[in-house]
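Subject: Structure handover

Hi,

Here is the structure I promised to pass on. Please have a look at it first, and then read my notes below.

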Amino acid sequence: MKKEFSVCPTTIDEKELYGFVWQEFVTAIPSPLVLVTTYKDNGKTNATMQSWTTFVSENGFYCIFASVHKKQHMYETIKQNKHLVINFPSVDIYKKCLDTIKNNGHDEDEIELSGLTAEKASMVNAPRIKECFLNLECEYVWEKEITPGDQHVVMCVKVVNVCMDEEHYQINKKGRYGETGYLYNIHSPRNPETGKEEDTYVGIIQKYATYDEL
Ligand SMILES: Cc1cc2nc3c(=O)[nH]c(=O)nc-3n(C[C@H](O)[C@H](O)[C@H](O)COP(=O)(O)O)c2cc1C
């Protein structure tokens, strides 16, 4: 039976949602996990985990970051340089990607300190992460607040170069999906009736059926 929720269920305390809204946890819609890299004004590398993100194609291939905090170094460095790389980790290096959150000082080289390797991008002035199987080199296009005065912006960037490990575009090798492929953020799903909260999980995706097989 379907149930409807238009206001915050009484089982959920809106003051304890860490800046999110209750629908985030009731729906818990997964989104891809990426690590965005840029150069700071002192030439050191910056790395920022992002997940509220999607990709679209029309007159080019674009990434729409749905929620970039304006106080983050990612925002500041992209506004300065207009260049960034979106790096896709697989699960074997995911903990190192999370470590970039601890290694967040202005004078720190965040990629190196987190046990990852920075390499020069081909088309933009931003570092790529060698261990990530896919790197999208991008240029800033525009940003917009969803509601006036928001702390976050929706940001659009254009992909100008794709760098992909060949083993990940060959399905008989590592491929793009499963345990060696793209990661998804499963953000603390909640049962709206009991308020019961699950942990946040790293998800992977499995191919299920072709459209003809359904
Ligand atoms: C799994 C995960 C996903 C995240 N996604 C986002 C996001 O989409 N938008 C955002 O503003 N912060 C997001 N964050 C928080 C930033 O990664 C975090 O605040 C980071 O320290 C900012 O780094 P910076 O100041 O170097 O940019 C995420 C964190 C994690 C762990």
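Leaving aside neighbours within four places in sequence, which residues is cysteine 138 in contact with? The partners are Cys63, Leu84, Val85, Ile86, Val124, Val157, Lys158, Val159 and Val160, where contact means that C-beta atoms, placed from the backbone, lie within 7 Å.

Two bits of housekeeping before the rest. This is a predicted model, so local features need pLDDT of at least 70 and side-chain atom pairs count only at pLDDT 80 or more, while totals for chains, interfaces and linings use all residues. Residues are numbered from 1 along each chain as its sequence is written.

The overall picture

The protein chain has five helices and 12 strands (DSSP runs numbered from the N terminus: H or I of at least four residues for helices, E of at least two for strands). Its C-alpha trace spans about 55 × 50 × 35 Å along the principal axes. Of contacts between residues at least 6 apart in sequence, 58% join residues at least 24 apart.

The core

Buried residues make up 24% of the 214 in the protein chain; buried means 20 or more other C-beta atoms within 10 Å of a residue's own, exposed means 12 or fewer, and partly exposed is in between, with C-beta atoms placed from the backbone. The largest nonpolar core has 30 residues, and Leu35, Leu84, Val85, Ile86 and Cys138 touch the most other members (a core is a set of buried Ala, Val, Leu, Ile, Met, Phe, Trp, Tyr and Cys residues joined through C-beta atoms within 7 Å). E2 (34-39), E5, H2, E6 (83-88), E9 and E10 each supply at least two residues of this core, and E6 gives the most, with four.

Strand pairing

Strands count as paired if DSSP finds at least two bridges between them. E9 (residues 134-144) and E10 are antiparallel over 10 bridges, with tyrosine 140 opposite valine 157. E10 (residues 152-164) also runs antiparallel to E5, through six bridges; there, tyrosine 62 has lysine 158 as its bridge partner.

Elsewhere, three strands make an open antiparallel sheet in the order E1-E11-E12. E1 (31-32) and E12 are at its edges with a single partner strand each, so one side of each has no neighbour in the sheet. E11 and E12 are joined by four bridges, and leucine 183 stands opposite isoleucine 204.

Around the ligand

The shell has 18 residues, of which Thr48, Met49, Gln72, His73 and Met74 come nearest (a residue is near if its C-beta atom, placed from the backbone, lies within 6 Å). E3 (45-50), E5 (61-69), H2 (73-81) and H3 (94-102) each supply at least two of the shell residues, and the largest share, four residues, comes from E3. The shell divides into seven nonpolar, 11 polar and no charged residues. Here Ala, Val, Leu, Ile, Met, Phe, Trp, Tyr, Cys and Pro count as nonpolar, Asp, Glu, Lys and Arg as charged, and the others, Gly among them, as polar.

Most residues other than glycine have a negative phi. Asparagine 59, in the loop between E4 (53-57) and E5, has a positive phi of about 55°. Asparagine 59 counts as exposed, with 6 C-beta neighbours inside 10 Å. Serine 188 also has a positive phi, of about 40°, and lies in the loop between E11 (183-186) and E12 (201-204). With 16 other C-beta atoms within 10 Å, serine 188 is partly exposed.

Cheers

How values were computed:
Contact = placed C-beta atoms within 7 Å.
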